[in-house]
Amino acid sequence: MIGAGLPLIEYCKAKGTTIAVFSALAPLTHFPGGPVDPVVREIAAQIGSTEDQVLLKWAHQVTYGGIVLTTSLRSERLRGQIHALEEMEPLSESQMQ
């Protein structure tokens, strides 16, 4: 189960509440060099994606299709964000963990 171990997400899912995710890219943009970086980098290499796409996809899946908000002024980044949320294959259970 995707959100297993995340009681608030499971509660919201059970009640039909949609979750909105803000700053899903913060581990890469505001806190680079943190413990998430090597994991995200490895998953991105495995699936042929970018690190920001992996984080966006993870946030979307862990919230059972919640709203993932992010911004960019660059059209190529916007296309990559759309790809992550609408076109990428789901991350595997092990990648989600």
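Axes here are lines fitted to C-alpha atoms, for helices over the stretch in contact, and angles run from 0 to 180 degrees between N-to-C directions. This is a predicted model: local features need pLDDT of at least 70, side-chain atom pairs count only at pLDDT 80 or more, and totals for chains, interfaces and linings use all residues. Residues are numbered from 1 along each chain as its sequence is written, and side-chain values use heavy atoms, with hydrogens and water left out.

**Exercise 1.** Work out how helices H3 and H4 are oriented to each other.

*Solution.* Start with the helices, which are DSSP runs (H or I, at least four residues) numbered from the N terminus. The axes of H3 (residues 36-47) and H4 (residues 51-62) come within 8 Å and cross at roughly 100 degrees. Angles of 65 to 115 degrees count as roughly perpendicular, so H3 and H4 are roughly perpendicular to each other. Next, look at who touches whom (contact means heavy atoms within 4.5 Å): H3 brings Val36, Val40, Arg41, Ile43, Ala44 and Ile47, while H4 brings Glu51, Val54 and Leu55.

**Exercise 2.** Decide whether Gln81 is buried or exposed, and find what it touches.

*Solution.* Buried means under 20% relative accessible area, exposed over 50%, partly exposed in between (1.4 Å probe, protein chains only). Gln81 has 6% relative accessibility, so it counts as buried. Leaving out residues up to four places away in sequence, Gln81 touches Leu56, Thr70, Thr71 and Ser72.

**Exercise 3.** List the contacts of Val68.

*Solution.* Skip residues up to four places away in sequence; Val68 then touches Val21, Ala24, Leu56, Ala59, His60 and Leu85.

Conventions. Helix = DSSP H or I, 4+ residues; strand = E, 2+ residues; numbered from the N terminus. Parallel < 35°, antiparallel > 145°, perpendicular 65-115°, else oblique.
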